[in-house]
Amino acid sequence: MATSISATGFKGGFSSSSPGGWGSSILGDDHAMLASVGKPVRAQPMMRNVNEGKGLLAPIVVITRNIIGKRRFNQLRGKAIALHSQVITEFCKSIGADAKQRQGLIRLAKKNGERLGFLA
């Protein structure tokens, strides 16, 4: 948040008619002195999916999101991702895969979901 302080806000002010005084500018005119205090305000980065609208199933995903609403859609998507991760974990247990291989399969599933458009 940027704030500014005006020197003329005090009783009597700091302006002077003499050249080079508190309120004088380079040109010699009396002006209020402004000082910026604080950090500059930065725009918040937008987190967007680089594959938005791409993929075989992306149009279906976008239409579904628009129909049921973004909040409800994200809740359902989260549940589906969690369920899919559980299925992958159970599969890894049944074949005797270690945690590193399981994590690799989960990453592969995410990449495939992006390519197909599930994460649009």
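View 1. Setting aside neighbours within four places in sequence, isoleucine 106 is in contact with Ser85 and Ile88 (contact: heavy atoms within 4.5 Å). Isoleucine 106 sits in helix H3. Helices are DSSP runs of H or I with at least four residues, strands are runs of E with at least two, and both are numbered from the N terminus. Glutamine 86 lies 20 residues from isoleucine 106 in sequence, with a C-alpha to C-alpha distance of 9.8 Å. The model is predicted: local features need pLDDT of at least 70, side-chain atom pairs count only at pLDDT 80 or more, and totals for chains, interfaces and linings use all residues. Residues are numbered from 1 along each chain as its sequence is written, and side-chain values use heavy atoms, with hydrogens and water left out.

**View 2. The crossing of H2 and H3.** The axes of helix H2 (residues 70-95) and H3 come within 10 Å and cross at roughly 145°. Axes are lines fitted to C-alpha atoms, for helices over the stretch in contact; angles run from 0 to 180 degrees between N-to-C directions. H2 contributes His84, Ser85, Ile88, Thr89, Phe91 and Cys92 to the contact. H3 contributes Arg102, Leu105, Ile106 and Ala109. By class, the contact has six nonpolar, three polar and one charged residues. Nonpolar covers Ala, Val, Leu, Ile, Met, Phe, Trp, Tyr, Cys and Pro; charged covers Asp, Glu, Lys and Arg; the others, Gly among them, are polar.

**View 3. Helix H2, its buried residues and its end.** Phe73, Arg77, Ile88, Thr89 and Cys92 of H2 are buried (under 20% relative accessible area, 1.4 Å probe, protein chains only). Their cover includes helix H1 (58-68) and H3. The end C-alpha atoms of H2 are 37 Å apart, which agrees with the 38 Å that its 26 residues should span at 1.5 Å a residue. The expected span is 1.5 Å times one less than the number of residues. Just after H2, glycine 96 has a positive phi of about 80°.

**View 4. Helix H3 and the glycine that follows.** H3 (residues 99-116) has 18 residues. From first C-alpha to last it reaches 26 Å, close to the 26 Å expected. Glycine 117 follows H3, with a positive phi near 100°.

**View 5. The chain as a whole.** Three helices and two strands make up its elements, in the order β-β-α-α-α from the N terminus. Of the 120 residues, 13% count as buried.

How values were computed:
Buried means under 20% relative accessible area, exposed over 50%, partly exposed in between (1.4 Å probe, protein chains only).
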